[in-house]
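Please have a look at it before I go on.

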Amino acid sequence: MTVVAACQLGLTVGEVEANRAAAAAAVVRAAGHGAELVVLPELCDSGYVFTGEAEARALASPAADNPTLRGWQALAGRHATTIVGGFCELGEDGLVYNSAAVVGADGALAVYRKAHLWDAEKLVFTPGEAPPPVVELPFGRIGLMICYDLEFPEWVRLPALAGADLIAAPVNWPAMPVPPGERPCDVVRVQADACVNGVFIAVADRCRAERGVSWVGGTVIVGPDGYPLAGPVTADAAEVLVASCDLTRARDKKVSTHNDVLADRRPLLYRPVAQ
């Protein structure tokens with residue numbers, strides 16, 4: 001079994017050192033529960049609700065020499081864990097990206113740039129062009145994507161086809177009205193993503209209003225059957241969720257004697273979907 005943690009944090013745009021400290025405290029808390037993988041929110045060093053591209057650029061750093069990633073590397077080495085989290089990246093091309101990294105004791109193992117930009121993000125960031133990476137770790141294969149990426153079934157299917165056992169997803173889900181008795185659609189969508197692909201998904205959301213924007217606070221860890229193993233939180237409070245995950249379950253895609261969620265695909269019939 002692999003212990004996975006998803007951390008919901010209260011963050012503030014522009015308060016980079018305070019945000020890094022909050023993330024570090026959450027990692028230490030998760031490691032205290034034996035977490036081998038710790039997932040942090042989207043843009044958890046810079047905050048999210050920027051006034052514009054100039055503010056984000058001022059808070060961005062290159063992935064190759066990034067104080068946030070160096071801090072995570074030190075934490076990963078100290079606590080024998082792997083950290084996934086979002087950061088504001090200044091690309092080698094001079095453009096600003098909404099990025100996330102998988103970081104171990106030896107440094108960044110993968111960096112991913114968000115491909116699907118939500119709302120005003122399009123005024124701030126350049127979308128990434130590479131597919132979600134899948135990183136081979138001692139305990140399993142970890143895919144990586146960010147927030148709005150989860151709303152595109154074709155995109156979520158890519159790491160599943162590439163062999164991911166678990167998809168780690170840093171997110172900042174803005175709050176939307178939810179009918180009484182219902183879960184936020186963001187959480188429901190992740191449950192569906194996990195089920196139709198037969199993978200675990202660990203989502204780290206955020207809390208505490210930022211410049212008038214409130215959040216779902218929907219941090220959750222979901223199994224390959226689509227049911228939550230921890231959470232969802234759905235509250236405006238910092239939290240660390242922990243779940244023991246048998247990641248080998250994600251390698252058996254059979255859902256009945258005669259059905260397999262990947263082998264039953266008929267890609268030739270789906271060509272119009274990608275046009």
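How many bridges join strand β11 to β12, and do the two run parallel or antiparallel? Two bridges join β11, residues 220-222, to β12, and these strands run antiparallel; in β12, P228 is the bridge partner of V222. This is a predicted model, in which local features need pLDDT of at least 70 and side-chain atom pairs count only at pLDDT 80 or more, while totals for chains, interfaces and linings use all residues. Residues are numbered from 1 along each chain as its sequence is written, and side-chain values use heavy atoms, with hydrogens and water left out.

Strands here are DSSP runs of E with at least two residues, helices are runs of H or I with at least four, and both are numbered from the N terminus; two strands pair if DSSP finds at least two bridges between them. The open sheet is formed by six strands, in the order β6-β7-β8-β9-β11-β12, with mixed pairing. At its edges stand β6 (134-137) and β12 (228-230), each with a single partner strand, so one side of each is left without a neighbour in the sheet.

Turning to the helices, the axes of α4 (residues 153-161) and α5 (residues 185-197) come within 10 Å and cross at roughly 40°, where axes are lines fitted to C-alpha atoms, for helices over the stretch in contact, and angles run from 0 to 180 degrees between N-to-C directions. The contact, meaning heavy atoms within 4.5 Å, is made by V156, R157 and A160 of α4 together with D193, V196 and N197 of α5.
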